[in-house]
Amino acid sequence: MSSTTTEAPRNGVDVATLFATLDAVKGQPEIAKFQFRASNTWVSGTHSRSQLSDFYGAMQEMQHKHVTTLDADHPAVLVGQDHAPTPIEYVLHAIAACLTSGVANIAAARRVDLHKVTSTVEGDIDLLGILGLSDGTVRNGYQQIRVTFHIEGDADDETLRGLVEQSRRRSAVYDVLTNPTPVVINVVTG
């Protein structure tokens, strides 16, 4: 008689599937090519709405389980109606979420049980750039972003810090923020 043991998820991560995915990509690198998409519609003033539903990955068109709708607006002090966070605030969410998911995956792969992971993200921006009032001396985007993690788990401090560092090294959002990414804008009128 033989028995099969299935490892329980660690930190909510299916570790067996994580390693199977890594092995699959090693064996067939072309399945690693993904394209994520968002469609956006102007609502009024500075308010717009994006939907995220379909994407390409693992050599096929795919759909998320649910369509996600995200609104963006500006606060009244910035000529908006404050219906939602500003677009630049979503960048703060993106870096926090990307780093956090990386921490969970890496901890699970290294057999570290996490008890608590929280972060605070702050971004400094000078509106002189966006408003065109700096003669090009002030950039339009964030001047600096700071992420502070509070992490607790069944590991020593050095190991927990190492989880965050490995997540930073593998983070797609961190990469987008710290390396120039070509952005192509096409316009269709009429």
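The legends below describe close-up views of a predicted model. Residues are numbered from 1 along each chain as its sequence is written, and side-chain values use heavy atoms, with hydrogens and water left out. Because the model is predicted, local features need pLDDT of at least 70 and side-chain atom pairs count only at pLDDT 80 or more, whereas totals for chains, interfaces and linings use all residues.

**View 1. The largest nonpolar core and its elements**. The core holds 16 residues, of which V103, V112, L114, I151, L160 and L163 touch the most other members; a nonpolar core is a set of buried Ala, Val, Leu, Ile, Met, Phe, Trp, Tyr and Cys residues joined through side-chain atoms within 4.5 Å. At least two residues of this core come from each of α2 (87-109), β5 (114-124), β6 (144-153) and α4 (157-170), and α2 gives the most, with seven residues. Helices (H or I, at least four residues) and strands (E, at least two) are DSSP runs, numbered from the N terminus. Leaving aside residues up to four places away in sequence, V112 touches R10, N11, A107, D154, A155, T159, L160 and L163, where contact means heavy atoms within 4.5 Å.

**View 2. A nonpolar patch on the surface**. V77, L78, L127, L128, I130, L131 and L133 form this patch and together have about 660 Å² of accessible area, as given by the Shrake-Rupley method with a 1.4 Å probe, with only the protein chains shown counting as cover for residues. Patches are made of residues with over 30% relative accessible area and no salt bridge, with like charges joined within 9 Å and nonpolar side chains (Val, Leu, Ile, Met, Phe, Trp, Tyr) within 5 Å. L78 is placed in the loop between β4 (60-72) and α2, and its relative accessibility of 33% makes it partly exposed, given that buried means under 20% relative accessible area, exposed over 50% and partly exposed in between (1.4 Å probe, protein chains only).

**View 3. The aromatic cluster of F34, F36 and F55**. Ring pairs link these residues, and the structure holds three aromatic pairs. The ring centres of F34 and F36 are 5.8 Å apart with planes at 25°, so this pair is stacked; rings of Phe, Tyr and Trp (its six-membered ring) pair if their centres lie within 6.5 Å, and planes under 30 degrees apart count as stacked, over 60 as edge-to-face and the rest as tilted. F34 counts as partly exposed at 42% relative accessibility, while F36, at 58%, counts as exposed.

**View 4. The surroundings of H47**. H47 lies in strand β3 (residues 47-57) and, at 8% relative accessibility, counts as buried. Not counting residues up to four places away in sequence, H47 touches W42, D71, A72, D73 and H83.

View 5. R37, D54 and E61 are linked in a network of salt bridges.

Notes. A salt bridge is a side-chain nitrogen of Lys or Arg within 4 Å of a carboxyl oxygen of Asp or Glu.
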